Amino acid sequence: MDLTTRQHRELVYHRDHATDCRKKYRPPDMAVITSDKRRWWNGYWTMYTLLRRYPSHGATALVVGCGQGDDSLLLTRMGYRVTAFDLSPDMIELAREISQKNGLTIDYQIMTAENPNLPNQHFDLILVRDILHHVEISKALKALTRMAKPGALVMINENYTHSMVQKVRNSWLVRNILYPRLVSFIYKKEKPYLTPDEAKLNEKELDECKSILNIKEIHYFNMFVTRIIPDNHVFLACLDRLLLMTLKPLGHWLSGRFILFGRTKSSA
Ligand SMILES: C[S@@+](CC[C@H](N)C(=O)[O-])C[C@H]1O[C@@H](n2cnc3c(N)ncnc32)[C@H](O)[C@@H]1O
């Protein structure tokens, strides 16, 4: 596999990260696909709330940049026939071990989001979670459009920061004074999971994602949560989400995560 310098750095970073993930592995919470009680304030839960509205049994799903395979495992349990890939052989090795232990058949492959070697117009669902901020977005979206069946479902759940907010984040005060304090408050003693090249999506990149979809819905999360408040304070997380639901246009400017869900254009 020919890799760009950026992709190579991602691969090297995820060698150690895979070791960490193996040590700390906890299976994903099955309630996200089985329970009727929903955590409406949480992006991850909302993603599955939306996915559960559609028939899944026997449909084909692709998970892009699957990491240790939590989403592949959940989609397989929902009845999808899942193909999943990641650039990192170490993450794929871990994902394969986990699926074997669970007795699940998931087609795991090692490839890049920019240049995946998978058939045209094949998938009924493509799931893209926390991966676009690691890749060349235009190339990955083009590949995704090629692999999706016309009218396939596409779920994109990504880190986001409007460029105006990013300017504030890049200011001297935030970088040198506030950010180091916030990191120790939010992550405690944990090492933040940040690769050298990752960059949260901005409003232009969000528009690029929207442009490949018809019938789209967008949901915004995390105005303060994960930025200045850890994500384990349920009351504050509810308040944060309520603010974004009530003052909807604010999400475009102030949120830290979006979920974009829609269908590919049938002419794709
Ligand atoms: C933040 S993790 C997300 C994993 C998974 N989607 C999840 O949400 O649990 C990012 C993953 O992207 C993979 N990755 C980075 N660059 C990639 C690329 N160009 N193509 C495919 N995967 C890539 C990394 O190896 C890593 O497993």
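1. On the H3 side, Tyr44, Met47, Tyr48 and Leu51 meet Asp71, Leu74 and Leu75 of H4, where contact means heavy atoms within 4.5 Å. By class, this contact has six nonpolar residues, no polar ones and one charged.

2. A word on what you are looking at: this is a predicted model, in which local features need pLDDT of at least 70 and side-chain atom pairs count only at pLDDT 80 or more, while totals for chains, interfaces and linings use all residues. Residues are numbered from 1 along each chain as its sequence is written, and side-chain values use heavy atoms, with hydrogens and water left out.

3. Back to H3, which is mostly covered, with seven of its nine residues buried (under 20% relative accessible area, with a 1.4 Å probe and protein chains only). Those buried residues are Gly43, Trp45, Thr46, Met47, Tyr48, Leu50 and Leu51. Their cover includes helix H2 (31-34) and H4, along with strands S4 (123-129), S5 (148-159), S6 (213-221) and S7 (257-264).

4. Do look at the largest nonpolar core too: of its 35 residues, Tyr48, Leu51, Leu75, Tyr80, Val82 and Met155 touch the most other members. Such a core is a set of buried Ala, Val, Leu, Ile, Met, Phe, Trp, Tyr and Cys residues joined through side-chain atoms within 4.5 Å. Leaving aside residues up to four places away in sequence, Val82 touches Ala61, Val63, Ser72, Leu75, Thr76, Ile106 and Asp107. Another core, of 33 residues, lies apart from it and has Val128, Leu132, Ala143 and Ala148 among its members.

5. Leu11, His14, Arg15, His17, Ala18, Cys21 and Arg22 of H1 make the contact with Pro89, Asp90, Met91, Glu93, Leu94 and Glu97 of H5. These residues divide into six nonpolar, two polar and five charged.

6. Finally, two loop residues deserve a glance. Most residues other than glycine have a negative phi. Asp130, in the loop between S4 and helix H6 (137-147), has a positive phi of about 50°, and Asn222, in the loop between S6 and helix H10 (234-246), has one of about 60°. Asp130 is partly exposed, with a relative accessible area of 26%, whereas Asn222 is buried, at 14%.

Methods. Helix = DSSP H or I, 4+ residues; strand = E, 2+ residues; numbered from the N terminus. Nonpolar A, V, L, I, M, F, W, Y, C, P; charged D, E, K, R; others polar. Buried < 20%, exposed > 50% of the residue type's maximum accessible area, 1.4 Å probe, protein only.
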